[in-house]
Amino acid sequence: MPALRRYARALTRNAEIADDLVQDTLVRALRSEHLFHGGEIRSWLYTILTNLNRNRLRALARRPVEQTIEDNDAAGSAGPEAGARDIERALATLAEEQRATLLLVVLEGLSYREAADVQGVPIGTVMSRLARARMQIKAYLDGERPALRRVK
Amino acid sequence: MNDRDSPVSIDELHAYVDGELPADRQQAVAAWLAAHPGDAARVAAWRAQADAIRARYGAIGAEPEPPRFDLASLARARNAPSRSSIRSWRGIAAAAVLAAFLAGGTIGWLAHGASAAAPGRFDTFTTQALEAHKIYVVEVRHPVEVGGAERPHLVQWLSKRLDYPLRVPDLGSNGLKLVGGRLLPGPTGPAALFMYESPSGERFTLYYARTDAAQTAMRYRAADRFSAFYWVENGLAYVMSGPGDRDHLLEVAQAAYDQIDKNAPAQPAR
């Protein structure tokens with residue numbers, strides 16, 4: 001569960017939304033019969049959370065006034081140091097599914113295969129998302145702020 | 001080996017960083033990097049990114065878990081009787097526990113149990129209504145139990161459960177369509193939630209629960225991204241919840257109020 005929270009936090013960059021997502025994920029999980037069929041629980045939880053977040057963003061996209069990105073992290077009272085800020089901002093510039101892929105692989109240590117299953121895409125897509133995500137983060141950190149945020 | 005000397009692809013560099021590279025290519029890639037400083041720098045940058053991400057978010061897993069993630073509570077809801085007709089109870093029970101913890105700590109849930117002490121209070125009703133609002137407006141596939149197409153049945157059913165002839169406003173003139181409704185556990189027994197939706201997907205809910213509080217004027221409450229108007233009329237508490245825009249919400253609440261007031265039964269069922 002700590003891992004799920006960590007993933008949610010990195011994905012949404014908002015402590016409250018992240019914890020809501022985790023909770024919704026747990027509730028879905030508890031209600032599902034899947035729990036009784038064995039199988040890989042961990043990936044499955046990531047799958048639920050990733051889907052819930054995608055639904056959330058779709059819902060937000062239909063409401064243009066809502067703010068979708070919060071840079072500040074409620075839990076970090078002292079304020080994260082500059083490096084942490086930078087990576088946070090860099091992640092924020094990524095398209096949602098690129099961010100999810102990168103986090104699943106880098107932060108959560110999923111294999112390409114697992115990340116592909118979680119996102120319901122072929123491995124090739126995982127690799128191209130990973131490549132684009134890394135390229136864009138590097139560009140951002142190198143000071144080349146993208147004029148346009150990729151919006152899917 | 002043929003593999004050993006073939007040029008290294010960009011995909012292989014990623015795989016190398018992520019530990020996905022087949023063992024028989026490890027050496028080839030390492031050798032390639034030694035000979036190609038540009039690619040080596042790239043790989044180093046990716047590794048630095050990964051380190052930064054782990055450094056930034058890794059500690060979150062060590063933070064104390066909020067009580068609302070208590071699986072035992074969540075599971076208790078899950079293990080409620082789940083035979084066909086009681087099926088929806090499972091969801092309601094889960095939602096109630098969820099709602100309670102969402103309110104911050106256990107206050108919401110305790111307030112629910114202890115509501116006999118102070119039923120009908122503004123806080124209690126708006127908290128519950130906002131929680132229900134928050135939970136169900138994000139539902140894409142199952143926002144309601146009975147759809148707006150079955151309006152007569154829906155109103156009849158919930159009126160029966162609340163033992164009160166509910167007046168369900170038609171908010172078409174505010175550009176809102178009735179999505180449907182559902183039954184909820186409320187502070188004073190069953191509560192009803194009706195959901196409305198604008199063409200752009202903006203959702204409002206109107207919450208009904210019995211109360212013995214005296215008639216009130218409309219009161220406003222804002223809670224993070226949502227807000228609510230509460231009023232009491234003839235033994236029924238109403239909470240109109242919606243997005244944070246106060247003025248817009250007031251328009252909608254006012255429209256609902258006017259219609260309900262106009263159609264109010266002379267003698268409220270008691």
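**A sheet and its helices in chain B**

Biologist: What joins β2(B) to β3(B)?

Modeller: A hairpin does, by way of 2 residues. Bear in mind that this is a predicted model.

Biologist: How many bridges are there between those strands, and which way do they run?

Modeller: Strand β2, residues 177-186 of chain B, is joined to strand β3, residues 189-197, by 9 bridges, and the two run antiparallel. In that pairing, B:G186 has B:G189 of β3(B) opposite.

Biologist: What is the order of the strands in the whole sheet?

Modeller: It is an open sheet of 7 strands in chain B, ordered β1-β2-β3-β4-β7-β6-β5, with antiparallel pairing. β1 (146-147) and β5 (219-223) of chain B are at the edges, each pairing on one side only.

Biologist: How many bridges join β1(B) to β2(B)?

Modeller: β1(B) is held to β2(B) by 2 bridges, antiparallel. B:V146 has B:G181 of β2(B) opposite.

Biologist: Which strands does α8(B) touch?

Modeller: α8(B) packs on the sheet and touches β2, β3, β4, β5, β6 (226-233) and β7 (236-243) of chain B. Its direction makes about 130 degrees with that of β6(B).

Biologist: Is α8(B) mostly covered or mostly open?

Modeller: Mostly covered, as 14 of its 16 residues are buried. From first C-alpha to last, α8(B) reaches 22 Å, close to the 22 Å expected at 1.5 Å a residue.

Biologist: Pick a residue in there. Why does B:A129 count as buried?

Modeller: B:A129 belongs to α8(B), residues 122-137. B:A129 is buried because 30 other C-beta atoms lie within 10 Å, and the cut-off for buried is 20 or more.

Biologist: What does B:A129 touch, leaving out residues up to four places away in sequence?

Modeller: B:Y207, B:A228, B:V239 and B:S241. The C-alpha atom of B:A129 is also 9.5 Å from that of B:A192, a residue 63 places away along the chain.

Biologist: Another helix, then. Which strands does α9(B) lie across?

Modeller: α9(B) lies across β1, β2, β3 and β4 of chain B, at about 20 degrees to β2(B). B:R161 is in this helix, which spans residues 151-162. Beyond four places in sequence, B:R161 is in contact with B:L183 and B:P190. The C-alpha atoms of B:R161 and B:P190 are 6.5 Å apart, with the two residues 29 apart along the chain.

Biologist: Switching to chain A: which residues of α6(A) are buried?

Modeller: In α6(A), residues 112-119, the buried ones are A:Y112, A:A115, A:A116, A:V118 and A:Q119. Down the helix axis they fall within an arc of 160 degrees, so they line one face of α6(A). Their cover includes α3 (41-61), α5 (96-107) and α7 (123-141) of chain A.

Biologist: What follows α6(A)?

Modeller: A:G120, with a positive phi near 65 degrees.

Terms used:
Residues numbered from 1 in each chain as written. Chains lettered and ligands numbered in written order. Predicted model: local features only at pLDDT ≥ 70, side-chain atom pairs only at ≥ 80, totals over all residues. Helix = DSSP H or I, 4+ residues; strand = E, 2+ residues; numbered from the N terminus. Buried ≥ 20, exposed ≤ 12 C-beta atoms within 10 Å, placed from the backbone. Contact = placed C-beta atoms within 7 Å. Pairing = 2+ DSSP bridges. Expected span 1.5 Å × (residues − 1). Arc of directions from axis to C-beta. Axes fitted to C-alpha atoms, helices over the stretch in contact; angles between N-to-C directions.
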